[in-house]
Amino acid sequence: MPKIRVTKRFHFEMAHTLYEYDGLCRNIHGHSYNLEVTISGEPRNVPGHPKDGMVLDFSELKSIVKSQIVDRFDHALMVNSLVPEKQMELLGQTTDRIIIVDFQPTSENIVIFIAEILQQHLPAGVNLFSIRLYETITSFAEWFASDNQ
């Protein structure tokens, strides 16, 4: 049976700050992120089954990405755990949606983080093929499983 890739697009708004960065992105700022998640697998081959021919029902993929990524990241502030505690306390006074990560929250690192999360939640027989995360309309980072094996 042939392997097929299917892709679903998502959108979320998120702010971040790059710890001790030497440019404007050291300041808290937000992006309208667009996320494309591509999975691969063999389509179900069960004639008469309502999901015959599907790698994964798009609604199932939507549910996984929405619960694990979009709902967590949307309207949140992502910051590096290296930010001093006093600054973290001040940020906590302005929002209750802070995601503290052990990395610099660049598009490149965020796409790796997303891949790690999603790989844990896909059903058997469905593989994460790639992720594309648009930080702006003209700038994106990509993750491919084939590059990370």
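This is a predicted model: local features need pLDDT of at least 70, side-chain atom pairs count only at pLDDT 80 or more; totals for chains, interfaces and linings use all residues.
I looked up His75 and found it exposed, because its relative accessible area is 54% (exposed means over 50%, buried under 20%, partly exposed in between, with a 1.4 Å probe and protein chains only). Residues are numbered from 1 along each chain as its sequence is written, and side-chain values use heavy atoms, leaving out hydrogens and water.

**Around His75**

I found His75 in the loop between H1 and E3 (helices are DSSP runs of H or I with at least four residues, strands are runs of E with at least two, and both are numbered from the N terminus). Which residues does His75 touch, leaving aside those up to four places away in sequence? I got Glu13 and Arg97, where contact means heavy atoms within 4.5 Å. The side chains of His75 and Asp74 make a polar contact of 3.2 Å (a pair of N or O atoms within 3.5 Å; within protein, one must be able to donate a hydrogen and the other to accept it, and residues adjacent in sequence count only if both atoms are side-chain atoms). I also checked Tyr19: it sits 56 residues from His75 in sequence and 19 Å away in space, C-alpha to C-alpha.

**The sheet**

Next I traced the six strands, which form an open sheet with mixed pairing, in the order E4-E3-E1-E2-E5-E6 (two strands pair if DSSP finds at least two bridges between them). E4 (98-101) and E6 (140-144) are at the edges with a single partner strand each, so one side of each has no neighbour in the sheet. On average, neighbouring strands are turned by 30° against each other, direction ignored. E3 (residues 76-80) and E4 run parallel, joined by four bridges. In this pair I spotted Val79 opposite Ile100 in E4.

**Helices on the sheet**

H1 (residues 58-73) packs on the sheet and touches E1 (4-16), E2 (29-41), E3 and E4; its direction makes about 20° with that of E1. For angles, axes are lines fitted to C-alpha atoms, for helices over the stretch in contact, and values run from 0 to 180 degrees between N-to-C directions. H2 (residues 85-92) lies across E3 and E4, at about 180° to E3.

**Whole chain**

I counted three helices and six strands, in the pattern β-β-α-β-α-β-α-β-β along the sequence. Of the 149 residues, 41% are buried. The C-alpha trace spans about 60 × 30 × 25 Å along its principal axes.
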